[in-house]
Amino acid sequence: MIPVTTFADKKVAVFGLGGSGLLTARALKAGGAHVIAYDDAPLKNEQAKAAGIETANLADIDWTGIAALVLSPGVPLTHPTPHWTVQRAHRENVEVIGDIELFCRERAKHGAECPLVAITGTNGKSTTTALTAHLINHAGRDAQMGGNIGVPALALEPFAPGRHYVLEVSSYQVDLAPSLRPTVGILINVSADHLDRHGTIENYAAIKTLVVAQAERTAIVGVDDRWSREAADRVERAGKHVERISVEGPVRDGYFADGPRIMRASAGKPFPAAQLTGIGSLRGTHNAQNAACAIAACVALGLDLPAIQKGLVSFPGLAHRMQAVGRKTTAAGHILYVNDSKATNADSTSKALASFTDIFWIAGGKPKAGGIESLSEFWPRIRKAYLIGEAAEAFAETLQGKVDHEIDGVLSKAIEAATRDAEASGLKEAVILLSPACASFDQYPNFEVRGKAFADLALALPGVSSLSPR
């Protein structure tokens with residue numbers, strides 16, 4: 001844990017006591033702060049008390065002398081309306097920040113020499129974060145990985161010479177981290193998401209852009225969408241060093257995909273930087289984008305290309321993101337079971353659908369705005385769809401007359417039906433793909449639990465052998 005000493009001897013209010021919230025309260029207390037914490041869930045307050053954290057309803061306390069409100073990133077800051085704690089903090093002229101901001105202030109005080117890579121984007125940020133950390137570690141350096149990827153930033157090892165930090169940061173976290181100034185900032189892409197939290201895509205894109213706009217050494221920006229392309233131009237005009245990333249065509253300065261090769265260009269002159277052929281964990285165009293971003297970050301940190309190539313080959317992939325979990329041999333060939341539970345919107349699912357053919361697709365859950373209409377170009381790849389959760393009926397309407405489908409409701413029924421049909425298809429390589437294009441919250445607490453359920457169900461089927469750790 002990284003103790004937060006920047007609020008030593010000060011009173012700090014903490015709202016939201018989930019995993020990162022409770023850790024934040026403990027880190028503040030360890031650094032000498034007087035912490036008053038609260039959560040709407042009584043059980044969370046009891047857990048905090050058991051951990052030695054003072055709790056009190058923040059609506060009832062005296063806010064005199066409160067130095068900051070540390071807000072859980074999932075709590076509304078601006079849209080649809082500010083949370084009542086935010087409104088109270090504003091009335092009391094108290095700053096509202098998050099755990100990433102605490103990390104940044106502590107780094108400025110105790111770890112300014114420690115390189116920080118901050119990674120954001122609508123899709124691909126977890127894979128890019130995991131790959132970047134893997135490449136740094138594989139090259140013999142110490143990379144601490146955390147943030148939105150599952151390990152709170154303050155849960156990482158304390159600052160030390162030579163230690164690198166690689167943080168995935170969501171728009172929610174960036175919104176609460178005004179002093180986020182990474183050594184290397186990465187903006188992979190921007191598409192419509194979380195608009196209930198940010199109001200408009202313009203607001204959402206502006207928040208994402210801060211990660212690269214405030215980078216101290218290098219700004220790495222994917223330029224295959226309008227919002228990111230405009231961000232790259234603005235950041236460059238502001239005087240930052242920008243490395244552009246594209247999988248759609250060459251760039252003058254940056255990295256681009258040429259089939260399975262990642263090319264590096266300088267002043268319009270390209271040369272090979274890396275080769276992705278045969279790396280199953282980096283299959284698909286979207287992973288070429290992720291890899292190019294990670295390669296650019298590592299080059300900016302001083303790693304050489306041969307070391308990076310060795311790290312790419314050994315990358316195990318990210319759990320729940322196009323993760324091959326099992327294989328079953330059939331008379332005609334085999335069935336591959338792929339867990340893409342992390343695909344919680346249509347744009348993310350499109351990456352998986354583009355990476356396979358002869359797909360038996362399991363989709364559905366708590367629907368996101370826009371549904372799956374945008375995936376129509378992939379309908380010819382889908383042999384049949386198996387629909388689950390709240391979105392099942394709406395998805396069935398979209399697929400009617402275009403893709404064979406059935407409504408199964410729950411994951412267990414869907415995987416049994418998909419296996420039955422894949423076996424009967426006589427295909428040499430059938431793919432049973434869980435890529436829901438939906439949040440999990442109608443049936444599962446998070447996408448990780450949903451993905452593990454898929455893997456468990458697949459591996460419990462007769463004849464299915466495991467392909468990856470769970």
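How much space lies in the second largest cavity? I looked this up before anything else. About 40 Å³ lies there. A cavity here is a set of points on a 1 Å grid over the protein atoms alone where a 1.4 Å probe fits but cannot get out. The volume is the space filled by probe spheres set on the points, which are joined across faces, edges and corners.

I noted the ground rules. This is a predicted model, where local features need pLDDT of at least 70, side-chain atom pairs count only at pLDDT 80 or more, and totals for chains, interfaces and linings use all residues. Residues are numbered from 1 along each chain as its sequence is written, and side-chain values use heavy atoms, without hydrogens and water.

**Second largest cavity.** I listed its lining, meaning residues with an atom within 4 Å of a point. Among them are Asn123, Ile188, His286, Arg321 and Lys351. Helix α10 (residues 285-300) gives the largest share, three residues. Helices are DSSP runs of H or I with at least four residues, strands are runs of E with at least two, and both are numbered from the N terminus.

**Largest cavity.** I read about 60 Å³ for the largest cavity. Its lining includes Val14, Phe15, Ser72 and Asp99. β1 (11-15), α1 (19-30) and β3 (66-71) each give two or more residues. α1 gives the most, with three.

**Second largest pocket.** I then turned to a pocket, an open set with protein on both sides within 12 Å along at least five of seven lines. I found 21 lining residues, with Val247, Glu248, Asp347, Ser350 and Lys351 nearest its centre. α12 (346-353) gives the most to this lining, four residues. Lys351 also lines the second largest cavity.

**Sheet.** I traced seven strands in an open, mixed sheet, ordered β19-β18-β16-β20-β15-β14-β22. Strands pair if DSSP finds at least two bridges between them. β16 (residues 359-364) and β20 (residues 429-434) pair in the parallel sense over four bridges. Ile359 stands opposite Val431 in β20.

**Helices on the sheet.** I checked contacts, meaning heavy atoms within 4.5 Å. α12 touches β16, β18 (382-388) and β20, and its direction makes about 170° with that of β16. Axes are lines fitted to C-alpha atoms, for helices over the stretch in contact, and angles run from 0 to 180 degrees between N-to-C directions. α15 (residues 447-459) packs on the sheet too, at about 160° to β15 (334-339).
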